[in-house]
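Subject: Structure handover

Hello,

Here is the structure I said I would pass on. My notes on what I found follow below.

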Amino acid sequence: MVRPVRGHEWREIRALRLKALKDEAAPLAFVESYEEGAAQPEEFWRGRAQGSSSDAGPAAGACQFVAIADDGTWVGTSVALIEKAGEQDFEGQTIEQSGGHVVGVFLQPQHRGKGVIGRLFDATLDWMRQRDLTRARLYVHTDNIRAQRAYEKAGFKATGRSVHGSLGPEIEMARAL
């Protein structure tokens, strides 16, 4: 099952994020280290949960989705952000076209290759469509080939734009909604 997180689920969000930060690809995928994430206080996690939850309402600028296994274990996540042309994104880049930005994608290794990431992307992109967004984009490290392939499978294509962001050299990928 894939669904939006709820504001009270900060402990689960924290636990899944810390698992993501321990993944072998974490240095190519996330701007924070495990140590930085683990050091964040409870209020940080509560705020993160509330700000990107289904409780935030239809005007929220972000929504986090979680994939839950049959046994109730949280196994994956993705986050949708709304971007407005002319503003700066989290990397300090000027946003050229309004739309959505996908961040925080993670799937536990034992659940990869089973279609779960596709269901996460479906939910994330549907949320963007419901807000009348027509384009989704993301950044991926040039060396993170596994992630690039997963994004291509979800319909994202390299735009030809590259960014030297927090993680180093990244490419922008985008798709129409």
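In these notes, buried means under 20% relative accessible area, exposed means over 50%, and partly exposed is in between, with a 1.4 Å probe and protein chains only. By that rule tyrosine 151 is buried, because its relative accessible area is 10%.

This is a predicted model: local features need pLDDT of at least 70 and side-chain atom pairs count only at pLDDT 80 or more, while totals for chains, interfaces and linings use all residues. Residues are numbered from 1 along each chain as its sequence is written, and side-chain values use heavy atoms, with hydrogens and water left out.

Aromatic pairs

There are 5 aromatic pairs in the structure (rings of Phe, Tyr and Trp, the last by its six-membered ring, with centres within 6.5 Å; planes under 30 degrees apart are stacked, over 60 edge-to-face, the rest tilted). One of them joins phenylalanine 90 and tyrosine 139, edge-to-face, at 5.9 Å centre to centre and 70° between the planes. Phenylalanine 90 is in the loop between β3 (74-83) and β4 (99-107) and tyrosine 139 is in strand β5, so this pair ties together parts 49 residues apart in sequence. Helices (H or I, at least four residues) and strands (E, at least two) are DSSP runs, numbered from the N terminus. Phenylalanine 90 is partly exposed at 47% relative accessibility, whereas tyrosine 139 is buried at 9%.

Phenylalanine 121 and tyrosine 151 also form an edge-to-face pair, with 5.7 Å between centres and 80° between planes. Phenylalanine 121 belongs to helix α5 and tyrosine 151 to helix α6 (residues 145-153), 30 residues apart. Phenylalanine 121 is buried, with a relative accessible area of 2%. Ring pairs link Phe121, Tyr151 and Phe156 into a cluster.

Glutamate 172

Glutamate 172 is in strand β7 (residues 168-176) and is buried, at 4% relative accessible area. Its side chain makes a polar contact of 2.8 Å with that of threonine 159 (a pair of N or O atoms within 3.5 Å; within protein, one must be able to donate a hydrogen and the other to accept it, and residues adjacent in sequence count only if both atoms are side-chain atoms).

Arginine 131

Arginine 131 sits in the loop between α5 (116-130) and β5 (135-141). Arginine 131 is partly exposed, at 24% relative accessibility. Beyond its neighbours within four places in sequence, arginine 131 is in contact (heavy atoms within 4.5 Å) with Pro58 and Ile82.

Regards
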